[in-house]
Amino acid sequence: MDGFLDPTCGGITELRVHGVSGTPPASILNHPHPRQIAGDATTGFYRRWWPGGRPDGDQDDLPGIRHREAYAWGGLTSGGRTIALWLLLLPFSLANLSYFMLPRPPAGARLRHVAEAAQRLFALLLTGTLVGAVTRASVDLIGWQCTAAGRACARESAPAWVHWMSELWGAEPSRRLAVAALAPFAVVVLLWWLARRTWERDEQTGVPPGGGSRPGPLLARPRLWHGGAPVWRLRAVHVAFALGSVSLAVSAPFVGDPRGLALTLANVAVQVAAAVLAALPGIARRLAPGEAVPSWLTGACRVLRVAGPLTFVATIAAALTGMSPALPGRQLPGIGVGAFQFGLTLGLGLFILVASIVLARMDRPAETGDPIERRALCGVAAWFTLMVAAGSANVLALGLLFWTATFFGVPASVAEPGPVDRRLYLDDPVWWTAALVPLLVIGFVAVAAELWMVRGSAAAALTPKLTPYYGAYDRDVAGKWALASLTDRAGLVLAVLTGLGVAGSAAVTVIYRFHLFAPVGGLAGLLASVGSWAMTAIVVGLVLLGRRTYSDTRLRRTVGILWDVSTFWPRAIHPLAPPCYTERVIPELLARVKILTRTADDEVVLSGHSQGSVLTAALVLQVRPELRPRVRLLTHGSPLRRLYAAFFPAYFGTPGLSAMRDAVRWRNLYRLSDPIGGPVFRRVDPFGPRPAGEGEETVDRFCWDPLQPGPGEPLPEARWHSDYWLDPAYEETLARLTRSDGVPRARGG
């Protein structure tokens, strides 16, 4: 290859790791001609290539002396077309996040283990919620109601692909249900295929010898990022549970038939077995080399993996041959499983709330008076996030039900009088839940208005302080800084919306159980109608967004930002969520650091921006102790303290961050205009005197943004969260990190 490319590994290597949205290598390296030197099409390491030959400059690569290298991992979250399907899996990702938010006080190990079991059961019910929605839409609304004789799909105007069932089997419901059950079965197969495909790609890296016994913070344990076996076990449990719920919808209406009763009991047994296995602590345990789970547990998962499909096939085969008599009803009859699962969900949610509060009180940090030490949502973020997961799952589920009923007929409440005609009936709780949507929107608008007022007050307080630095531009800069500070109030938004949702759900439950009144007519009917259309629009919008994401590379990168943040953590309690990219990134970076630090004269500066700073910070505790003196850490735009320590204190709290600081030399750059990044240890007051003792060894360094204009010059453009690599403070800090005993190392030719 013509031109110049430095492939050497000796000397000082500045290894840049990008943040969200899959930043291309050219932007990471600030060079128009990147060339891949290691990795593959999904993740890779890149260096600068000069087509005109070897360059000569202070920042250019010199073989064996200094190099700039980039690690691009965005292909894991925004490179594949299947990311379009991930949009529907957000509730599963949130469930996994909630697991890592749970406090872990040493004295509360037993309570935490029980709470984790409850979280795994809750995650299992989330699978049941989404698969159950598809089952209800297909088996109930279409198979039982719409295609029955004289109903909406029996009309000549009905779509041909459902009308034929009414023509052939209008009076034979079991056959209609068997055909309709193929739709949710296809969804389960798709979820299994996606989970298995990503599991094979991202979670099969072996644990290094001795990796599980290393003492120190949780992030220092290599087994955290190696979840092949536990994710496999959980996947078998969830798939069997989902297939059992589909089969149960087909067999339960025919419990009067001996075959229907036997199949119903078999399907219930599959679901109960799945729930019992999900609650066992060994099912999700990540092991160190030499450890093993009981053989009977792996065997039970293998048996369940076969039993789920077998009972489904047996149920469909029996239904196709005809089962009777069926239980009567306008809607699909059942045996109370749905009500039981709803009650179990409420009980689990209440227990997780109480356990989270107790664990948070046991793990309460010392009061320092510094807001940088505060934890999100008083340490109960795990429960709030789990409730958001349940809420988003229900919105998707109910949106699908309303869309199906609207497409094939007219959505109706069972309490509405009059003839059946084209009506497709939905339970009253569905309508009541829909009525909550407008209330949530009102609550969101109220919180947004409150935050805007807070922003105005903060900007007014900042303006006089900024006048000596920015002159006439003081208001403009104050507005930018005040807007960025609203991130610290993200917990308020989450708390208000979750509170409204939980309170509304409790009210819906009371109204329905005591039959106080129906959501028909009046204000309740209006809210329910508005909410039904809103949820239908959400589902349609997600489908359209997913379709466009499939073909639009730029949109895939934008949507990928969501997964960059939510899939940092492993699939600890929900195996059908989008994959954890860290399980591939950490081993790859570890291997690269080992190559770049072969001799005592070699150094690596891990330069992480935004989410990349989280990756590099977690990485330094995985580096072998004998290599750590050759490693430096430079973070910028980092959410480590602002978001990760606040929401994941067991992993990124002060003990974990202090361990990182003790492991390697570390500097962190931050701006007050940055809505994501912030200080890690000390919030510097840019308007006050420099604190005593603050020198070169201080981790955090404040950077002005926008840069202060000269006399008569316009205000420079604010960089907000981006382009830290171009900030003058970056190169200066990088030079200090690579300095030994006050003498710069390897900075010349």
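These legends walk through several close-up views of a predicted model.

**View 1. A disulfide links cysteine 146 to cysteine 153.** A disulfide is a covalent bond between the sulfur atoms of two cysteines. The structure has one disulfide by the distance rule. In this view, look for the sulfur atoms of cysteine 146 and cysteine 153, which lie 1.9 Å apart. The link between cysteine 146 and cysteine 153 is right-handed, with 85° about the S-S bond. Are its two ends buried or exposed? Cysteine 146 has a relative accessible area of 0%, so it is buried. Cysteine 153, at 1%, counts as buried too.

**View 2. Phenylalanine 407 and phenylalanine 408 form an aromatic pair.** A pair of aromatic rings is described by the distance of the centres and the angle of the planes. The structure holds 28 aromatic pairs. In the pair shown here, the ring centres of phenylalanine 407 and phenylalanine 408 are 4.9 Å apart and the planes stand at 80°, so the pair is edge-to-face. The cut-off behind that word is an angle over 60 degrees. Now compare how much of each residue can be reached: phenylalanine 407 is partly exposed, with a relative accessible area of 45%, whereas phenylalanine 408 is buried, at 7%.

**View 3. Eight aromatic residues gather in one cluster.** Which residues take part in this aromatic cluster? Try to pick out Tyr99, Phe100, Phe568, Trp569, Tyr644, Phe648, Tyr651 and Phe652. One of these, Tyr644, is also among the buried residues of helix H21, which has a view of its own below.

**View 4. Two arginines sit over phenylalanine rings.** Arginine 592 lies over the face of phenylalanine 45, at 5.3 Å from the ring centre. In the other example, the charged end of arginine 661 is placed over the ring of phenylalanine 681, 4.2 Å from its centre.

**View 5. Helix H13 packs against helix H14.** Two packed helices are described by the angle between their axes and the distance between the axes. H13 covers residues 381–408 and H14 covers residues 428–470. Their axes are 11 Å apart and meet at an angle of about 115°. That angle makes H13 roughly perpendicular to H14. The crossing of H13 and H14 is left-handed.

**View 6. Helices H20 and H21 are largely enclosed by the rest of the structure.** For helix H20 (residues 611–620), 10 of the 10 residues are buried, so H20 is largely enclosed. Those buried residues include Gln611, Ser613, Leu615 and Val620. In helix H21 (residues 640–647), seven of the eight residues are buried, so the rest of the structure largely encloses H21 as well. Leu640, Arg641, Arg642, Tyr644, Ala645, Ala646 and Phe647 are the buried ones.

View 7. Most residues other than glycine have a negative phi, and most peptide bonds are trans.

View 8. Where does asparagine 30 lie? Look in the loop between helix H1 (25–29) and strand S3 (34–39).

**View 9. Residues separated along the chain can be followed into space.** Threonine 198 belongs to helix H8 (residues 182–202) and counts as buried, at 4% relative accessibility. Threonine 198 and tyrosine 581 are 383 residues apart along the chain, and their C-alpha atoms are separated by 9.5 Å. Leucine 497, found in helix H16 (residues 490–513), counts as partly exposed at 26% relative accessibility. From leucine 497 to valine 388 there are 109 residues in sequence and 8.7 Å in space, C-alpha to C-alpha.

Note on methods
Residues numbered from 1 in each chain as written. Predicted model: local features only at pLDDT ≥ 70, side-chain atom pairs only at ≥ 80, totals over all residues. Heavy atoms only, no water. Buried < 20%, exposed > 50% of the residue type's maximum accessible area, 1.4 Å probe, protein only. Helix = DSSP H or I, 4+ residues; strand = E, 2+ residues; numbered from the N terminus. Disulfide = S-S within 2.5 Å. Phe/Tyr/Trp six-rings, centres within 6.5 Å; stacked < 30°, edge-to-face > 60°. Lys NZ or Arg CZ within 6 Å of the ring centre and 35° of its normal. Axes fitted to C-alpha atoms, helices over the stretch in contact; angles between N-to-C directions. Parallel < 35°, antiparallel > 145°, perpendicular 65-115°, else oblique. Left-handed = near helix turned anticlockwise from the far one by under 90°.
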